[in-house]
Amino acid sequence: MSPASFTVEVVVENKPLARDPEGETIHHNLIMKGGYAQVTNVRAGKLLRMNVEARSPEDAKQLVRKLCDDLRIYNPASHICQVRVLS
Amino acid sequence: MVKVAIVQFPGSNCDLDALEILQKTIKVPTDLVWHKDLKQDHYDAYVLPGGFSYGDYLRAGAIAATSPSLETVREATDNGKPVLGICNGFQILVEAGILPGAVLRNAGLRFVCKWTRLRIESIKTPFTRIAKMGQTLRIPIAHNEGRYFLDNDQLAELEKNEQVVLRYVDENSTPTADSNPNGSLDNIAAICNIDGNVMGLMPHPERASLPILSPENHPEGRIIFDSMIKTLEGEG
C-alpha cells in the first residue's frame with residue numbers, strides 16, 4: 001500500500017481542573033448575553049491541523065500522537081490533548 | 001572567583017537588566033551567553049532572564065525549552081548549582097520539566113504590569129537564604145502567562161517538600177484573592193525544585209534592585225541576587 005495524505009487535527013485544552021477564563025468569557029459575555037442559554041459550558045483551546053503522509057489513518061494518528069508526546073506539543077501538567085484524523 | 005551566566009534566547013529582553021544588577025551593582029563577574037553557545041557547565045550559577053522567547057509561540061517557554069542549552073542547565077541543576085528563572089525563564093524551566101507544573105494565561109486574560117507584595121515561604125533556596133521566613137518583598141510583575149497551575153495531588157507534594165518559595169500577599173501579609181494578580185494556584189509566585197537549587201519566579205527582582213527604581217528607595221528584589229551570590233561565596 002503506498003502512502004496517502006491524511007489531515008490530522010490536534011486539539012489542546014486545559015484539564016477540567018484548570019480554569020479556562022477564555023472559554024468562560026466567551027460563554028458568559030458572548031453566548032449567554034446573546035440569548036443562547038442552551039449552551040451550558042465553553043472550553044477554549046488550541047487547534048493544530050497537520051497534513052501527514054502515512055499508509056493508513058491509524059498510522060497517521062499514531063505518528064501525530066507520538067510527536068505530540070515526544071515534542072511536548074501540550075504540557076501534560078495542565079493540558080489534555082486529542083488527536084483525530086479528518087480524511 | 002564566582003562567575004554567573006545569563007542565558008539569552010531569541011526574544012529575551014530582561015537579560016541586560018539582570019546583567020546591570022549582577023555585574024555593575026553587585027559586582028560579580030557575569031557573562032551574557034547566547035543559548036547556542038552554552039554547551040558546557042562552566043559557570044557557577046545560571047540566570048534565565050525574562051522576555052518572550054520565540055514569540056511565546058505554542059506556549060510561553062515551550063520552544064526555548066527544547067534548546068540544547070537546557071541540557072547544560074539540567075546538568076548544572078544535577079550538579080547542585082543555583083539556577084534562577086525569572087518570568088519567561090520560569091516558564092522555560094517549567095516547560096523543560098526542570099520545575100513541576102505549568103504557567104497558564106492570566107485569569108483576567110490581560111497582560112498585568114504592576115508592583116506586587118511577596119511573602120517569603122522558604123529560606124532553603126540559595127535565592128532566599130539571607131531572607132527571613134515571612135518577610136515581604138515588593139517586586140513588580142509584567143506578564144500575560146503567569147497563572148501557576150498544578151494538579152491537587154502534586155500541589156500537596158510541593159507543599160510537603162517546602163517547594164513554594166514566594167506567595168502574592170496583601171499589605172497585611174495575607175495571601176488573598178485580591179492580592180493574586182493572575183489567578184495562580186494558592187497565590188504561588190515562585191517555586192523551587194526538591195533540592196532547592198533551582199527557583200522560578202514570575203516577578204522581576206532585577207527591576208527592584210536599584211533604589212531609584214524601587215518604592216521608597218528600598219530595592220527589595222536585590223535580596224534574591226545577594227542571597228545567591230553570598231551562598232556561592234560561602235557566606236550564606
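Author: This is a predicted model. Begin with one pair of strands in chain B: β1, residues 4–8, pairs with β2(B) in the parallel sense over five bridges.

Reader: What holds strands of a sheet together?

Author: Strands of a sheet pair through backbone hydrogen bonds, and the sense is either parallel or antiparallel. Within the pair here, B:V7 has B:V33 of β2(B) opposite.

Reader: In what order do the strands of the sheet in chain B lie?

Author: The order is β2-β1-β3-β4-β11-β10-β9-β6-β7, nine strands in an open sheet with mixed pairing. At the edges are β2 (30–34) and β7 (136–143) of chain B, each of which pairs on one side only. Ignoring direction, neighbouring strands of this sheet are turned by 25 degrees against each other on average.

Reader: Which residues have the most contacts inside the largest nonpolar core?

Author: They are B:Y46 and B:L93, in a core of 72 residues. Take B:Y46: leaving aside neighbours within four places in sequence, its contacts are B:A5, B:V7, B:V73, B:A76, B:K81 and B:V83. Another core lies apart from the largest one and has nine residues, including A:A60, A:Y74, A:C81 and A:V83.

Reader: How many residues does each chain bring to the contact?

Author: Chain B gives 13 residues and chain A gives eleven residues. On the side of chain B that touches chain A, eight residues are nonpolar, two are polar and three are charged.

Note on methods: Residues are numbered from 1 along each chain as its sequence is written. Chains are lettered from A and ligands numbered from 1 in the order in which they are written. This is a predicted model: local features need pLDDT of at least 70, side-chain atom pairs count only at pLDDT 80 or more; totals for chains, interfaces and linings use all residues. Two strands pair if DSSP finds at least two bridges between them. Helices (H or I, at least four residues) and strands (E, at least two) are DSSP runs, numbered from the N terminus. Axes are lines fitted to C-alpha atoms, for helices over the stretch in contact, and angles run from 0 to 180 degrees between N-to-C directions. Two residues are in contact if their C-beta atoms, placed from the backbone, lie within 7 Å. Ala, Val, Leu, Ile, Met, Phe, Trp, Tyr, Cys and Pro count as nonpolar, Asp, Glu, Lys and Arg as charged, and the others, Gly among them, as polar. A nonpolar core is a set of buried Ala, Val, Leu, Ile, Met, Phe, Trp, Tyr and Cys residues joined through C-beta atoms within 7 Å. A residue is buried if 20 or more other C-beta atoms lie within 10 Å of its own, exposed if 12 or fewer, and partly exposed in between; C-beta atoms are placed from the backbone.
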